[in-house]
Amino acid sequence: MSRRLALLFAIACGLAVANVYYAQPLLDVISSEFDIGRSSAGILITITQVSYAIGLLLLVPLGDLMNRRWLIPGQMFLSVIALIAIVLSPGPGVLLSGLAVVGLLAVVTQTLVAYAASLAAPSERGRIVGLVTSGVVIGILLARSAAGLLTDLAGWRSVYLFSSVCMLITSVTLLRVLPQEHRKVSLSYIQLLRSVMVLYREEPILRVRSLLGLLIFTAFSIFWTSLVLPLSMPPQSLSHSAIGAFGLAGVAGVLGATRAGRLADRGLGQHTTGIALALLLVSWLPISYANQSLTALVAGILLFDLAVQAVHVTNQSMILKVRPEARSRLTAAYMIFYSAGSAMGSIASTRLYAYAGWIGVCRLGAGVSALALLLWAVTKRRSRE
């Protein structure tokens, strides 16, 4: 797989996944316009992520069945229509419906990751997965920054208008460069979906890594969904642009993604996972001082995103080695847990913040991170026995 094509995949992944995260720094302004209470604001994120989980199960496995030259650009074009519906939404009903469709189709990101793994040589698969996944990281980071900046300049609807234009351009570009494919498995659609469940039963590494994915992305969503709440109120009272800019501190996640892929290629996935999970747990200490010190918050974000993305890429690299003919289904099986964790973290963090404040949110995140580290330690020990 050429580096130029890998970079195009990374850009497409970043633009697609950004649609799931644009609303995070905008919870207060959107909930205010549509009269949604602060304790219920997490529904804006949760509905997108629940739809994303449904898309993982229903759409991503199609990558093992259909011609991805049409599947990938087609999903991105349908996303353009949903994004325009959000821009024009007159009330919460249309808004939530648009967010649900956008979340459903954003799973094209995972089809691209699995496709990249299929095109890459075995000796560089971890590196390519890390490079493409770095686009996902950048998309998540820039989603928050761009959303905050565009909202301050032209209102929150301009965020989704901007995204629709970018998605349209990318879908046309991919349609021109992706190679033709033929039907790859002799299964019906129903059999294809059932085979995802079979993979859980037959592949222990998929079960373990999926549970780790659930926990790290529960922690990820706990932090990023609720961060806007303390930063937008006294004593910080930051603008949306300033809040979005904190996402840029997570550039360490890009480094974690690319480096973790190389380490996985060298057979060091277990060690990388343990170190990253320890860093994730430690990161909650400086993050807990967000109301007192923005410097401490930035330091915490650096550790936090580095750890999350290192574990994520290691998980994918290890899973995608198992069944070459089922990489889309393996990706779907793993990412279903990712999405479930993200949804749980979103709704739990905003509700907990209403009762226990930022410290309560940080304690919850640290507890989930500790549980992930314990799971890794137990399963690592058993793998040696």
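Reader: How many salt bridges turn up in the whole structure?
Author: A search of this predicted model finds 3 salt bridges.

Reader: Which side chain does Asp 64 meet in a salt bridge?
Author: Asp 64 pairs with Arg 329, with an N to O distance of 2.9 Å. Asp 64 sits in the loop between α3 (43-58) and α4 (68-87), while Arg 329 belongs to helix α16 (residues 327-384), so the pair ties together parts that are 265 residues apart in sequence.

Reader: Is Asp 64 buried or exposed, and what about Arg 329?
Author: Asp 64 counts as buried at 5% relative accessibility, and Arg 329 also counts as buried, at 6%.

Reader: Switching topic, which residues are linked in a network of salt bridges?
Author: The network links Glu 202, Glu 203 and Arg 323. In the salt bridge between Glu 202 and Arg 323, the closest N and O atoms are 2.5 Å apart. Because Glu 202 lies in helix α9 (residues 189-202) and Arg 323 in the loop between α15 (294-319) and α16, that pair ties together parts 121 residues apart in sequence.

Reader: And where does Glu 203 lie?
Author: Glu 203 is in the loop between α9 and α10 (204-226), 120 residues from Arg 323, and the side chains of Glu 203 and Arg 323 meet in a salt bridge at 3.0 Å, N to O.

Reader: What is the relative accessibility of Glu 203?
Author: Glu 203 has 13% relative accessibility and counts as buried, whereas Glu 202 is partly exposed at 40% and Arg 323 is partly exposed with a relative accessible area of 22%.

Definitions and conventions
Residues numbered from 1 in each chain as written. Predicted model: local features only at pLDDT ≥ 70, side-chain atom pairs only at ≥ 80, totals over all residues. Heavy atoms only, no water. Salt bridge = Lys/Arg side-chain N within 4 Å of Asp/Glu carboxyl O. Helix = DSSP H or I, 4+ residues; strand = E, 2+ residues; numbered from the N terminus. Buried < 20%, exposed > 50% of the residue type's maximum accessible area, 1.4 Å probe, protein only.
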